[in-house]
Amino acid sequence: MSPYWLNESCSPFTPVESPCALGNIASYAINVSSADDIASGVRFATDNNIHLTVKNTGHDFLGRSTGRGSLALWTYHLKNISFLDYNDGGYAGPAIKMGAGVPAYQAYSAAADRGLRISGGYCPTVGIVGGYVQGGGHGALQGLYGLAADNTLEFEVVTAKGQHLKATPTENADLYWALNGGGGSTYAVVLSQTAKAHSDGRVAGASLTFNNTDDDAYWKAVSSWQTLLLNVDSIHGFNSFWGLTNKTFVLYSAILPDNTASAMANALDPFIQQLQDLGLEHTYETNDDATYYEHFARYTPSLPYGEYLTNSVIGGRLIPRSVVRDSLLALIDTFRNITSTGSRPFRINGIASNISHARVGNTAGSNAVLPAWRESLYTMNMDVYFDADAPMAVIRQLQAEMNEKQDKLKVLTPGSGAYVNEATFDNPEWKRDYYGRNYGRLLRVKKEYDPRHLLYGPGSDYWTVASDGRLCKT
């Protein structure tokens, strides 16, 4: 949970004598173990006019998985994993069924034990079935299989009316559409997801680091990396996760499924040659592993929990191919400005692969994923870290700076948007940037399955924040 939404409540860094207040944390929670538990919580919240929130693992920069004065439905302990041969809705093949609380590392390991791999995120503790897939869900295998939302076969849900339903492309199809990319904890409470599982095999990987020892050479190299991304965009399955400051560029990991280290080297060698020509020292390695999980473990230190910190502010933008192709100088100038200004150092991160409809094999309207994803070369997020005991004034200042930097990217990318799970909560253009042309249809689905707006989400301008921090219906 982002500290912004904890609001210094019961923090271990506050003095012992300070009162312990819940702040933005839900007042009560139901430890969900069945559909009946959710239905009971829905009825209670409805009868007593209480704001209802949904939380599984709780990873959230927008504060949707908590809420002052709310009743929380905690789905974290829905840990069942099963595998099946699926044959329905146009797909026939292996599938995985996951409870809402299953984190990525458990699902990856279980799939690997059966010679399979599945779509999921980089952070090993994120619950795949929650806001992750419901927001679209990027990950290392998206260049081969698309976003997590492109892999859903069905959801098991309880609606805000207390109905226990299945949502598939042919049954409650509008709900199925909305749950795949239209935002988490919004249209219904998800108990489980059934998703495609794919045959495992050898996976090539790579990592790279170089430092800014010559400013002109460094930014020329960053520019060359952008050009390389356009070139490798045509390689089926290629994905890269990279980041930069004004001091260092890091390719955290690249992946090329069903290939060897030599194929990865062939893809990256033109850029390595450019680094050498620019006189930039670098560390670089390629490898291959027998399974996807082995690759994931190689590039995810400290499994099962990883080394992901929460004391940060985050924002981002989807960067279209056209911007890198036609406005590269302006993009690099913006990168330089973002990483060299601010009260604390800002970092830029990118996850790049081709997830166009032609690559993924679906069509516009197959799900509610923001259409700008399909035209993007990569999703970019910016993060800035603060001390674990930083006061709220510092966090608010960094939030304001993040919005200023995000606005610079909007100027370069008109008509694009942002990944809703890695976005700012106070973006005044949130409807366009996070939902795009899907917003009207999503609102109609919301009104069908949650007419009382028991859950937060599209239509959130139906709510206002009271002086004490609670959400109240307008």
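I looked up what covers the buried residues of α3 in this predicted model. The cover includes β4 (81–88), β5 (91–99), β6 (116–117), α4 (128–134) and α9 (292–298); contact means heavy atoms within 4.5 Å. Helices (H or I, at least four residues) and strands (E, at least two) are DSSP runs, numbered from the N terminus.

Helix α3 spans residues 104–112, and seven of its nine residues are buried (under 20% relative accessible area, 1.4 Å probe, protein chains only). Among them I noted Y105 and Y108. α3 lies across β4 and β5, at about 70° to β4; axes are lines fitted to C-alpha atoms, for helices over the stretch in contact, and angles run from 0 to 180 degrees between N-to-C directions.

Next I read the sheet. Five strands make an open, antiparallel sheet in the order β4-β5-β9-β7-β8; strands pair if DSSP finds at least two bridges between them. β4 and β8 (164–167) are the edges, each pairing on one side only. β7 (residues 152–158) is joined to β8 by four bridges. V157 has L165 of β8 as its bridge partner.

Last, I checked α7 (residues 215–232) against α11 (residues 328–340). Their axes are 10 Å apart, at an angle of about 125°. In α7, the contact residues include W219 and V222; in α11, they include L331 and F335.

I noted that residues are numbered from 1 along each chain as its sequence is written. Local features need pLDDT of at least 70, side-chain atom pairs count only at pLDDT 80 or more, totals for chains, interfaces and linings use all residues, and side-chain values use heavy atoms, without hydrogens and water.

Terms used: Buried means under 20% relative accessible area, exposed over 50%, partly exposed in between (1.4 Å probe, protein chains only).
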